[in-house]
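Take a look at the structure below. This report covers a residue, a helix pair and some aromatic rings.

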Amino acid sequence: MKTRSNYRKQLERLDAHVSALGQGVVEDIRDTGFAIAEGNESAATEVIEGHRASERLHRTIEDTCMNMMLLQNPLAGDLRQVTATFRVVGDLSRIDEMSYETALLTQEIEFGVNAAIARDLGDMAQRAADMVDKAVQAFDDADVEAANTVFPLDDEVDALFEKIKGEIVDLLREETDDAVSAPELFSVSKYYERMGDHAQRIADWAIFRATGEFRERTVKGAE
């Protein structure tokens, strides 16, 4: 009985670590949006400087999951939770890596000369962050209903992605000096679009955690 009690405490700590990692990832996405839309350089710096700490937490969670799966012979329900956690942490890590890369790009692009694109990218960042936030909370609560609210939000992120692509094409057609930033602007928009895809997959794992059924939605860029 004592062994079982200790194991439950490990699962609770695992959940707490995932919540902390998820919260940090959401904050990083929002900070990149502030850096772009508001020219907030300190927000981008915070993302860059906090990246190593996020990586350490990510590795700690993965190591804990592997230990619990391979060495502690978990019950079926617990194994499902640990397996789902391992996969969710992988998605969160990819999202955070994209936030880090976006923060680096914000230091190279003069968003002030592309105000409309900057505004739309800032909006896209906040919507992607909302998706990740809702997906992680649904996973923490093993809440199927909450998880299902994540998927429709991806349409809004995709619509902004298409709008920004059009704005970038217009920028190239104008052949002004601002067009030199077109590749970086597209990369940032693609990162946010992929974050939405990963948020959907986290929501899929939330449903798996609750039901044992995994039905991966069509995820275009979540690799």
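Is Phe-214 buried, partly exposed or exposed? Phe-214 is partly exposed, with a relative accessible area of 31%. Buried means under 20% relative accessible area, exposed over 50%, and partly exposed in between, with a 1.4 Å probe and protein chains only.

The model is predicted: local features need pLDDT of at least 70, side-chain atom pairs count only at pLDDT 80 or more, and totals for chains, interfaces and linings use all residues. Residues are numbered from 1 along each chain as its sequence is written, and side-chain values use heavy atoms, with hydrogens and water left out.

**Aromatic rings**

Rings of Phe, Tyr and Trp (its six-membered ring) pair if their centres lie within 6.5 Å; planes under 30 degrees apart count as stacked, over 60 as edge-to-face and the rest as tilted. By this rule the count comes to three aromatic pairs. Two of them are tabulated here.

| Pair | Centre distance | Plane angle | Type |
|---|---|---|---|
| Phe-161 and Phe-186 | 5.9 Å | 45° | tilted |
| Trp-205 and Phe-214 | 4.2 Å | 25° | stacked |

Phe-161 lies in helix H7 and Phe-186 in helix H8 (residues 182-211), so their pair ties together parts that are 25 residues apart in sequence. Helices are DSSP runs (H or I, at least four residues), numbered from the N terminus. Phe-161 is buried at 6% relative accessibility. Phe-186 is partly exposed at 35%. Trp-205 is buried, with a relative accessible area of 6%. Ring pairs also link Trp-205, Phe-208 and Phe-214 into a cluster.

**Two helices side by side**

Two packed helices are described by the angle between their axes and the distance between the axes. Helix H5 (residues 115-141) and helix H7 (residues 150-174) have axes that come within 10 Å and cross at roughly 160°. Axes are lines fitted to C-alpha atoms, for helices over the stretch in contact, and angles run from 0 to 180 degrees between N-to-C directions. That crossing makes H5 roughly antiparallel to H7, a label for angles over 145 degrees. Among the residues making the contact are Leu-121 and Met-124 of H5, and Leu-160 and Phe-161 of H7. Contact means heavy atoms within 4.5 Å.

**A buried serine**

Where is Ser-99 placed? Ser-99 sits in helix H4 (residues 76-106). Ser-99 is buried, with a relative accessible area of 0%. Not counting residues up to four places away in sequence, Ser-99 touches Asp-28, Ile-29, Thr-32, Val-47 and Met-195. Between Ser-99 and Glu-38 there are 16 Å in space, C-alpha to C-alpha, and the two are 61 residues apart in sequence.

Technical notes:
Helix = DSSP H or I, 4+ residues; strand = E, 2+ residues; numbered from the N terminus. Parallel < 35°, antiparallel > 145°, perpendicular 65-115°, else oblique.
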